[in-house]
Amino acid sequence: MRLPRLLRTTPFRLTLLFLALFAAAAAAFLGYIYIATAGEVNRRADKEISREMESLQAAYRLGGPDALNQTLVERSVGERPFLYLLMTADGKRLSGSIEESPVADFEGHDEKWTTFTVTETDLDGAEIKRPARGYQVRLDGGEILFVGADVGESESYVMKIVRALWGAGALVIVLGLAGGVLISRNVSRSMSGLAEVVNAVRGGDLKARAQVRGTRDEYDELAEGLNDMLDRIERLMGGLRHAGDAIAHDLRSPLTRLRARVEVALIEAESGKGDPLKALEQALEDTDGVLKTFNAVLAIARLQAAGSAPDPTVFDAADLANDMAELYEVMCEDKGQTFDSEITPGLAIKANREFMAQALANILDNAIKYTPEGGAVMLRLRRRSSGDIEFSVTDNGPGVPEADRPRVVERFVRLERSRNQPGAGLGLSLVSAVAAAHGGRIELAEGAGEYDGRGPGLRVAFIIPPLG
Amino acid sequence: MRILIIEDDLEAADAMQRGLADAGYECQHAPDGEAGVNAARDGEFDVLIVDRMMPKMNGVEVVETLRREGDGTPVLFLSALGEIDDRVVGLKAGADDYLVKPYAFAELIARVEALSRRRETGAVATTLKVGELEMNLIGRTVHRAGQEIDLQPREFQLLEFMMRHAGQSVTRTMLLEKVWEYHFDPQTNVIDVHISRLRSKIDKGFDRPMLQTVRGAGYRLDA
């Protein structure tokens with residue numbers, strides 16, 4: 001059954017409320033029309049009755065009861081719409097066109113208006129009741145005169161109008177209800193689509209999405225907003241789950257190693273062999289390694305989950321690039337590499353300075369780590385023709401095969417060659433997360449090409465949108 | 001030197017107390033924020049080590065309360081909250097330094113030493129002198145035993161920081177923070193390379209090296 005559900009919808013309730021208001025207004029309006037028109041009919045009848053009464057009283061004053069009687073008889077015969085009754089002082093009928101006065105308790109009233117019903121028999125013998133107004137007066141000589149008028153025709157005319165108005169009102173209410181049902185059903189269908197999605201998500205199905213009908217109305221907007229939110233939540237949950245898996249996976253082996261080392265050291269110390277101090281030192285180093293990995297994974301997961309970098313400030317990208325160049329140049333020299341930089345000044349960016357520094361440091365670290373002695377590392381900062389700001393680090397080390405490039409930014413991915421190098425395979429993942437958190441990306445390409453017998457090299461570009 | 005440790009984790013506080021006592025410091029412990037504020041009001045301390053998340057009164061409130069009362073004792077925040085914005089909140093509240101849990105004990109000692117020293121330097125010095133090493137902060141010149149040493153601007157800053165904390169251990173992280181003003185975590189030994197450059201300039205040709213490597217911690221400049 002659909003209706004009870006429908007009755008609970010907001011649009012339907014609003015429809016009912018408006019219909020109720022409308023019906024109340026219509027009733028008041030009809031009441032006013034009825035009072036105005038019906039009152040007018042009575043007033044007009046009363047005026048005519050008064051005029052007739054005056055002319056009869058004039059005839060009475062001129063010629064006494066006989067003249068009045070005469071006049072009544074004459075007037076009863078004509079086509080005039082009045083009803084007459086002349087009675088004695090104690091209410092006995094003298095003459096007139098009706099048998100009995102509708103004013104029942106005459107005593108005490110010298111003058112009285114009344115509304116009564118005239119019963120007639122038509123040609124077919126059926127009784128017809130018609131409303132009438134009447135006025136009764138005690139004449140100077142004590143006789144009682146009643147004059148009435150049939151107002152049925154005028155009144156029935158008014159009633160026709162009133163009935164028509166009632167009919168129109170009823171029609172409006174019916175149509176309004178039908179419209180309300182239709183609108184509510186439409187609206188509630190849109191809403192129940194959204195509600196279904198919400199319920200599905202609440203039930204644990206993060207893949208549920210609301211249908212966007214392409215009508216570009218507020219429901220589509222709501223559906224799109226809901227979908228965006230769900231995308232974000234799904235990404236976040238995925239990120240957290242992945243981070244959890246990654247932490248569990250990558251920390252388990254160093255922790256196991258650490259535990260084994262401590263255990264062996266204990267055994268050795270008990271038996272007087274081995275150097276417990278050295279074992280402790282080694283354990284401390286292992287712990288630091290685990291903490292570093294843990295921190296990096298957390299930073300990546302948080303950045304990915306947040307979707308944006310915290311505390312962005314506006315600063316000159318060249319300052320950052322120069323700082324990093326200054327910081328890492330000596331490292332290159334120490335490793336027997338040449339370092340060079342081309343930094344375009346005055347490129348303002350809005351970013352988190354610490355994360356940006358960490359990202360550039362990671363890229364430079366990688367370049368210096370994988371480029372052999374005698375190689376070259378180059379840091380560039382420039383504005384691309386698209387307007388984006390690009391930091392790039394180019395080396396002439398072994399490079400990364402094209403097929404592996406998308407993989408190396410994933411967490412904990414380490415190419416076979418680099419297994420003997422220190423690191424957890426998180427450097428580029430963090431760089432990528434930092435870039436994404438700033439609305440940018442990283443691009444990996446071949447470096448300067450093979451020369452001096454060295455590899456093609458790698459060019460890592462960190463691209464973020466310009467200010468504004 | 002007297003240190004007040006305001007920390008609700010009793011085991012962590014105990015380890016810290018033992019370590020600091022071993023390093024020659026006199027320690028007192030307060031198990032929550034309220035007790036910490038009271039202890040800080042009563043006793044004269046040289047450094048406060050304050051945990052960020054505590055019952056009754058959190059670390060930020062503790063520091064804000066003390067600063068409001070005009071207490072300028074150097075504060076080192078300890079926190080499991082290591083995000084950059086957490087650091088900003090802590091420093092804005094009036095803390096002088098910030099250390100993220102879990103930390104290396106050498107790092108804690110180094111930072112506490114740096115804080116305690118910072119308090120003593122009142123007047124603005126124009127020259128720094130450590131043993132036979134002399135630094136003119138206005139002329140930006142450095143001499144060792146009367147012999148001029150030519151330094152790059154950053155090397156000068158690095159040496160200045162080392163000289164201001166002469167005799168104290170200074171960690172790599174502290175150097176990156178105080179000299180370069182970055183707080184990230186370099187995966188490689190980039191700071192070591194800078195120090196070794198500086199060392200080659202100030203110690204080369206002299207019998208006794210002044211710039212020492214402290215195992216497990218960082219570096220120390222000795223007279």
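**Reading the labels in a predicted two-chain model**

User: Where in chain B is Pro102(B) placed?

Analyst: Pro102(B) is in the loop between strand S5 (97-100) and helix H5 (105-120) of chain B, where helices (H or I, at least four residues) and strands (E, at least two) are DSSP runs numbered from the N terminus. This is a predicted model, in which local features need pLDDT of at least 70, side-chain atom pairs count only at pLDDT 80 or more, and totals for chains, interfaces and linings use all residues. Residues are numbered from 1 along each chain as its sequence is written, chains are lettered from A and ligands numbered from 1 in the order in which they are written, and side-chain values use heavy atoms, with hydrogens and water left out.

User: What kind of peptide bond joins Lys101(B) and Pro102(B), and how do you know?

Analyst: The bond between Lys101(B) and Pro102(B) is cis, with omega at about -10 degrees.

User: What makes the phi of Lys56(B) worth a remark, and is the residue buried or exposed?

Analyst: Lys56(B) has a positive phi of about 70 degrees although it is not a glycine, and it belongs to the loop between strand S3 (47-51) and helix H3 (59-68) of chain B. Its relative accessible area is 63%, and exposed means over 50%, buried under 20% and partly exposed in between (1.4 Å probe, protein chains only); Lys56(B) is therefore exposed.

User: How is Arg140(B) classed by accessibility, and what is its phi?

Analyst: Arg140(B), with a relative accessibility of 45%, is therefore partly exposed. Its phi is also positive, near 55 degrees, in a residue other than glycine, and the residue is found in the loop between strand S7 (133-136) and strand S8 (141-144) of chain B.

User: Why are S10 and S11 of chain B called edge strands?

Analyst: The open sheet has three strands in the order S10-S12-S11 (chain B), with antiparallel pairing, and two strands pair if DSSP finds at least two bridges between them. Strand S10 (169-171) and strand S11 (211-214) of chain B each have a single partner strand, so one side of each is left without a neighbour in the sheet. The twist averages 35 degrees from one strand to the next, taken between axes that are lines fitted to C-alpha atoms (for helices over the stretch in contact), with angles from 0 to 180 degrees between N-to-C directions.

User: How do you know that S11(B) and S12(B) are paired, and what packs on the sheet?

Analyst: S11(B) and strand S12 (residues 218-221) of chain B share four bridges in the antiparallel sense, and Val214(B) stands opposite Gly218(B) in S12(B). Helix H8 (residues 190-203) of chain B packs on the sheet by touching S11 and S12 of chain B, its direction making about 145 degrees with that of S11(B), where contact means heavy atoms within 4.5 Å. Helix H7 (residues 172-180) of chain B lies across S10 and S12 of chain B and runs at about 75 degrees to S10(B).

User: What makes Ser169(B) buried, and what does it touch?

Analyst: Ser169(B), in strand S10 of chain B, has a relative accessibility of 15% and therefore counts as buried. Leaving aside neighbours within four places in sequence, Ser169(B) is in contact with Ala110(B), Glu113(B), Val214(B), Tyr219(B) and Arg220(B).

User: How many aromatic pairs are there over all chains, and why is that of Phe82(A) and Tyr84(A) called tilted?

Analyst: The search of the whole structure finds six aromatic pairs over all chains. Rings of Phe, Tyr and Trp (its six-membered ring) pair if their centres lie within 6.5 Å, and planes under 30 degrees apart count as stacked, over 60 as edge-to-face and the rest as tilted. The centres of Phe82(A) and Tyr84(A) are 6.4 Å apart with planes at 45 degrees, so this pair is tilted. Phe82(A) is buried at 9% relative accessibility, and Tyr84(A) is buried at 0%.

User: What class of aromatic pair do Phe391(A) and Phe462(A) form, and what does it tie together?

Analyst: Phe391(A) and Phe462(A) lie 6.2 Å centre to centre with 70 degrees between the planes, an edge-to-face pair. Phe391(A) is in strand S10 (residues 389-395) and Phe462(A) in strand S12 (residues 458-464) of chain A, so the pair ties together parts that are 71 residues apart in sequence. Phe391(A) is buried at 1% relative accessibility, and Phe462(A) is buried at 0%.

User: How do you know that Arg2(B) sits over the ring of Phe45(B)?

Analyst: The charged end of Arg2(B) is 4.6 Å from the ring centre of Phe45(B), and a charge sits over a ring if NZ of Lys or CZ of Arg is within 6 Å of the ring centre and within 35 degrees of the ring normal. Arg144(B) likewise lies over the face of Phe206(B), at 4.2 Å from the ring centre.
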